[in-house]
Amino acid sequence: MSSLLPRLLLAGVAVVAVWESVSSLRPPRIEDSDVRALAAAVRAAHQPGDLIAVAPAWLSPLIQRELGDLMPVEHLARADGLRFARISEVSLPPFHSSDVQGLSSDESQRFGSLRWSRFHQTPVTVAFDLTEHFLDATVSQRVPGTDAIERPCLWTGPLPGTELPGIARGGFSCGSTRSERRTMEIDYQPRRGIVTELEPGQQTLLRFSIPDEAWQGTTLHLWLGLHDYHRRKQAQGPATVMVDLDDGRAKKELTIDVQQGFVHHELELPQLRADVHHLRIELSAQSAPHHLVGLHGELRR
Amino acid sequence: MSAGVKRARWLDIALALLLFCATTMGLLLASRSQGFARDEGYYFHAAEHHAAYYEELASRLSKGELRALTDRALIDRYFSYNNEHPPLLKTLFGLSWRTLHRCNCPSEPGQHALSYPKRHRTLGLLTNGEAMRLPSHLLAGALCAAVYLIGRRSFGRAGALCAAGLTILAPRHFFHAELSCFDAPVTAMLGVTTWAYLRAQQTDKKSWAVLAGVLFGLSLSTKHNAFFLPPLLLGHALWLRRDLLRGEASDSRQTATRRVLRYLFQPWALSMALLGPLVYLLSWPYLWFQTVKRFTWYVGFHLHHVHYNIEYLGQNYNRPPYPWHYVPVMTLLTMPVVTLLLAVLGALLWTLRREQLIEPLPSGERSGGELPLVLLSALWPMLIIMRPGTPIFGAEKHWLPSVPFVALLAGAAVSYLIRQTSRHARHQAVLGPLLVGLVLTPAALSVWRSHPYGLSHYNALAGGPVGAANLGMNRQFWGYSVRGAMPFLNRALAPNTPVYFHDANWFQLRMSQLDGFLRRDIADAGMEEPGVVGSRAAMVMHEKHFNKYEYWIWDAYGTTKPSFVQTHLGVPLCTVYERPSPARGGQ
């Protein structure tokens, strides 16, 4: 007469074996037909300027394959989703995009394991976008803490939109380093912005001239982080960012730690009347090598 | 020896051979659809060099030129490349290739590591890649046979068959066993060395001790993991043979010193200490000159190895300290669940109900301390990697030597269940095959489901690859998923298109072209951002730290819309972009 224990164990093993076999035969999967059906629905309802947000991020290549023409790099690499009035969220429940946090969906539809939800919000107004106006910026370098004359950084390479295969993108060349507009990788996510490689012993200055109508009634939103994980792995110590508003009327020092993400800062602007206002961003680091400072800024109201 | 015992022995030898052949053939057939991996590319290149060395050496020796044996220039020419890894497997890959590949070498300039103006005389049985990979398949087959024999001697035939089956029917082990790499082969070498050691303990025969020493040398020549084996075996042997210290009252001639010497210098230990290094040195001609300098460099390379990246629970790790739980969690999420469940049961039952599952000792043999050896061998490789300073970028491949011993513990549980569920021999005869089938089915299905993306496999506990992607687990490494994109590239690209191949290196692409998986006119555009900028098509293999490469492509191509996404169960592995044609200017 055998004991109960082996029989119970045998039954337990059999249950697990059957469960695992069924799981292998019918595993969770993202069906291509669901992706295509969802994409057709999103495309039919899409209006210019809509944001298509995907969660979790690993799904994005599948959605971009179908809807990439509606998902420009400026959308995919956004700092946040507050400037978009309409958001189409494609998600694998229970995931949600951070862009729709706090919003309630107007409509939701399931396509197999995927969900399409539509959201509306009152968007912020972006009066001035530093990344968009990068070509209008003045870039220079100087030795910090001295009266040495600034060294201008001159544009080299093709202008944005005129690049050719085999030709590297254009940017402001400052000695052995560059400042350029690109899709950055900060915290392993795409971020559209301006990358400035810091040079030892030098401070890089980015100057923007901003019209009064864009300045009045707005606040400066600045996102900062370090671009490129290969370089972050080797970078030592923080980078320093000095934000100078209207030639010293207001100043704010910020730091960028190596492992931080794309950190958001909101700065009040001095409200003076002038035809043109000046925003100067001074970038430096005690240990400059491997610091590729990534920034994006907007004047929002 | 009775006729029954003889018959049983022959049956076991036949079953071991069957397991060897089935595993080898299974891997050979499956590997035809398995993409070449990045590191394989380097070893293919080295393998041709090693084979060329032995060919040239044999040629010169056949002409009576004995000095060729000590010709440093000859050795350095063929062994300098990839000398951060010992040579045994690369040599076997090379000799297998040299003997078996279907040769069109003279018409393949630039596609081989060396130039071949004349066709090789070969058996012409396999493609280049198949011939290179065959030694790995044979070693995995040998491991399954050895696992069967360990299990058969310990707890009987049905449990042993399960253990052998579960050894190879683990998706990640199966994947590595398909490749011309070292991780599955060193798992096999350590497994068979441990078997030989165990037989030396069980039988007290010098021949097993000698074999253990030779196999240990070959293990060292396979991969540096082998350096971690002696402490394990020594600890086990000192515990097992502690009776030697006490001595027999009747044996008054033995002094205490002699007893201690016999205790410490057991035959297997002497054999491993003497034959191991000798075989190691003989197999690696590169160490015949400047031995200390070159060996020190080799050790230093691995002590100061670059910490590559691995994603785990949403975080990218590329420097210590690493989380200690990486090893148990990865094991829990990648091994077949039924194997893990049975292994835990097996360890408990073997400890608590030993007499209900072990086989009677064959005459003339003694217990070899099987349970502690199997348990230690299952845990030791994991414990080494759990140290916070040990790199984890290779994921489970670095503790793969645990797998056969985890499978042996599972086999012990199966043996117990068959024997104790019913005491009737007739019932056991029916239950045995049924239970073996029941246990092997989910493991086999998980291998089938994961192929050819074994590195992307996660089990039902993780929710499969989709669940693992949600958890933020690494999806792949070594750029092997490029193979899934090759049919698209062959179909879609214009002649002579330069392609940015991202993590796939030129050597693995070269083998893909040689074996007809990738069109030979497709060119590699080069590495890093200049490669992207100069390409007409570009791909990215999805690993967390590789995201930036996709952003480079968006910027360089002015589009975020890929042409093709290679998926496994809907999870993107490799995404291909094509550069849009420039718009024509107005007239």
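The area buried between chain B and chain A is about 5,000 Å². Carbon and sulfur atoms give 63% of that area. Buried area here is the accessible area (1.4 Å probe) that two parts lose on being put together, summed over both. Three residues, B:Lys548, B:Tyr551 and B:Asp555, supply 12% of the area that chain B buries against chain A, more than any other three residues. The model is predicted: local features need pLDDT of at least 70, side-chain atom pairs count only at pLDDT 80 or more, and totals for chains, interfaces and linings use all residues. Residues are numbered from 1 along each chain as its sequence is written, chains are lettered from A in the order in which they are written, and side-chain values use heavy atoms, with hydrogens and water left out.

In the interface, 65 residues of chain B are in contact with 57 residues of chain A. Contact means heavy atoms within 4.5 Å. Five salt bridges are counted between the two chains. A salt bridge is a side-chain nitrogen of Lys or Arg within 4 Å of a carboxyl oxygen of Asp or Glu. One salt bridge joins the side chains of B:Lys548 and A:Asp228, at 2.8 Å from N to O. Between chain B and chain A, 25 residue pairs are in polar contact, both residues at pLDDT 80 or more. A polar contact is a pair of N or O atoms within 3.5 Å; within protein, one must be able to donate a hydrogen and the other to accept it, and residues adjacent in sequence count only if both atoms are side-chain atoms.

Several elements of chain B give two or more residues to the side that touches chain A, among them helix 16 (337-352), helix 18 (403-421), helix 19 (425-450) and helix 24 (547-557). Strand 6 (564-568) and strand 7 (571-578) are also included. Helices (H or I, at least four residues) and strands (E, at least two) are DSSP runs, numbered from the N terminus. Helix 19 of chain B gives the largest share, 10 residues. By type, this side of chain B divides into 32 nonpolar, 20 polar and 13 charged residues. Ala, Val, Leu, Ile, Met, Phe, Trp, Tyr, Cys and Pro count as nonpolar, Asp, Glu, Lys and Arg as charged, and the others, Gly among them, as polar.

A:Asp228, the salt-bridge partner of B:Lys548, has a positive phi near 80°. A:Asp228 lies in the loop between strand 13 (219-226) and helix 6 (229-234) of chain A. This residue is buried, with a relative accessible area of 8%. Buried means under 20% relative accessible area, exposed over 50%, partly exposed in between (1.4 Å probe, protein chains only). B:Asn496 also has a positive phi, near 60°. At 55% relative accessibility, however, B:Asn496 is exposed.

Across all chains, 35 aromatic pairs are found. Rings of Phe, Tyr and Trp (its six-membered ring) pair if their centres lie within 6.5 Å; planes under 30 degrees apart count as stacked, over 60 as edge-to-face and the rest as tilted. The rings of B:Phe155 and B:Trp350 are edge-to-face, because their planes stand at 85°, with centres 5.5 Å apart. B:Phe155 is in helix 5 (residues 128-155) and B:Trp350 in helix 16 of chain B, 195 residues apart. Both residues are buried.

Two cis peptide bonds are described here. One runs from A:Ala55 to A:Pro56, with omega near -5°. The other joins B:His451 and B:Pro452, with omega about 0°. B:Pro452 is in the loop between helix 19 and helix 20 of chain B.
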